[in-house]
Structures are given as structure tokens and as C-alpha cells.
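Visitor: Could you take me closely through the side-chain contacts of this model, with the cut-offs behind each term?

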Amino acid sequence: MRRTFTMRAALSLMAALLVGQALTSADDPEPVDRPNRLCQELDEIAQFNESRVVPYLVNEYYAGSRYDQFASAISTQCRTHLGALQEANRITNAAPRDDSCDSLRSEIAVSFDLDKQGFRRLATRVYRDCQTLLPELAQLWQNTKARNASLDFDILHPCDQLRRKQELRQPIEDWVSRSGVEHFANSILQYCPDYVVILAAINDPMQTSLDFYNPEFERKSPCEKLAVIESDGKDLESYIRESGVEDFELDVRLNCFQYQGVLDAAR
């Protein structure tokens, strides 16, 4: 009986100590690893693009949120970013503060993985509300394109996409069908009616008579298309990438292996 009571008392005491420790940690307003986490954040940005560290610190200054914490962490834990901090201090001390653009500036600074819709929404807000941020937006666009080569094409107006496909002699009708006719219909009818034949051909495959649409080319095998594009001096890598690498993989491997290197580069 006494042994059981002693064990229960010991367990109760241990539980009380653990709960007290947890509450003490929860109430700690400045966890010990905060500087390390901030340094890791800057290290990740620098690893991706070192030139983004200074703009990031500048935007933290304008946002008025964590700049002082970053400055303290750099001074004590990650002095490799001390040069970036000094440059951010120089910029922020010289530039007048514009509170109206703070939120957009901070949003641009942390936008590393935008899709085309996300960039369009952000660009519209910048142009409408804070055009002084257009240089930062332009840099964001360059960084975004560097990470996603196809985004340059995806963000074009549908009519411009059709023109580029036409210039590369790519299969327009099949591509419009796969992408969704509804995505192109209004734009074609309003802004580039020369391509109405594409809408007609999708509804009636016999209507393929305009000069820019070449049904003879579209009926060729993938290897034959690559040979035609190559003989015309066009960019094979871009053609394969825009048409879809998967459309060429099997034919290239079985029938025209000489294009394997171009296919791998387009992948």
C-alpha cells in the first residue's frame, strides 16, 4: 500500500513539473531560438537568390514588423548578412516612408512561387494602387520567369498565344481543344477574329481552310513535324516545350532518336 502511494505521489509530482515547464515555455515572449529562426529565414532567401536579402530587409523596415528582430539576429547569430543589413539601413534612412504601399511592398518581397493568375492579380493591384513599386514588380517577374520558363507563354493574352503557336507552326486546333475552347472563345471573337476558323474547325473538322492553319502539317507524325520545323530553321526546343513534351517522347525514342537531346532539353 505504501509503495503504491509513493509511486502515485511521484507521478503526480512529475506531471506537475512537466505542466509547469510547458506553461513557462508558452508564456515566454521571446523563445531562445528566435534569432536562429530569423537567420535561417535569411539563409533560405540567400540560397535561392542572394540579391533578394537586402530588398527583403528593406521591406521589413517599411512594414514595421520584424526589422529590429532581424537586425539583432544578424548582429549576434548570422553576421554573414551584416553587409546586407548595412545596405538596408542605408536605403531605409535615405528613402521617405510611403505607408500607402507598405502591404504591397511586403507582398512582393515574399512572393517566390506565383502562378500566372497570382502574378496578374498582384500586378493589377500595383498598377492601380502603387505604381512606385513597378521596378520591384518587374524584378519579381524576371525572378518568376527564371523559375518557370513556361510562365512567359502562359501569361500572354489568348490571342498572343495563338499567334505564337502559329509562328512556330504548332497544332493550334488540338491545343485549343485541350486547353478549353471557352478560355479562347470570347477573346477570339472580340480581339482576333482571324482565328474564328479554329472555333469552327473544333465544331466541324471539315472547316480548316485558312492559310495559317495547315491540316497537312497537323496530320504528320511527331517525328515528321520535327523534321519540318528543323528544315524551316525554327527553334525545336521551344516547339516541343510549347506543344507538350509527352506528345513526342514515344515517337522520338522509337523512330527519330536524333531528336532525343532536344527533347531532354525541352523537358
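Guide: What follows takes the aromatic pairs and then the salt bridges. This is a predicted model, in which local features need pLDDT of at least 70 and side-chain atom pairs count only at pLDDT 80 or more, while totals for chains, interfaces and linings use all residues. Residues are numbered from 1 along each chain as its sequence is written, and side-chain values use heavy atoms, with hydrogens and water left out.

A search of the whole structure finds 4 aromatic pairs, where rings of Phe, Tyr and Trp (its six-membered ring) pair if their centres lie within 6.5 Å, and planes under 30 degrees apart count as stacked, over 60 as edge-to-face and the rest as tilted. One of them joins Phe119 and Trp141, with 4.9 Å from centre to centre and 40° between the planes, a tilted arrangement. This pair links distant parts of the chain, since Phe119 lies in helix H7 (residues 116-129) and Trp141 in helix H8 (residues 134-147), 22 residues apart; helices (H or I, at least four residues) are DSSP runs, numbered from the N terminus. Phe119 is buried, at a relative accessible area of 8%, and Trp141 also counts as buried, at 15%, where buried means under 20% relative accessible area, exposed over 50% and partly exposed in between (1.4 Å probe, protein chains only). The rings of Tyr239 and Phe248 have planes at 65° and centres 5.6 Å apart, so that pair is edge-to-face. Tyr239 and Phe248 are both buried.

Turning to charged side chains, the count comes to 5 salt bridges, each being a side-chain nitrogen of Lys or Arg within 4 Å of a carboxyl oxygen of Asp or Glu. Among them is the bridge of Glu87 with Arg90, whose closest N and O atoms are 2.6 Å apart. Glu87 and Arg90 are 3 residues apart in helix H5 (residues 82-94), and so are separated by about one helical turn; Glu87 is partly exposed, with a relative accessible area of 29%.

Arg163 and Asp160 meet in another salt bridge, at 2.9 Å from N to O, and both lie in helix H10 (residues 158-167), 3 residues or about one turn apart. Arg163 is partly exposed at 35% relative accessibility, and Asp160 is likewise partly exposed at 35%.

In helix H16 (residues 236-243), Glu237 and Arg241 are 4 residues apart, and therefore about one helical turn. Their side chains meet in a salt bridge of 2.6 Å, N to O. Glu237 is partly exposed at 29% relative accessible area, and Arg241 counts as partly exposed at 29%.

Note on methods. Helices (H or I, at least four residues) and strands (E, at least two) are DSSP runs, numbered from the N terminus.
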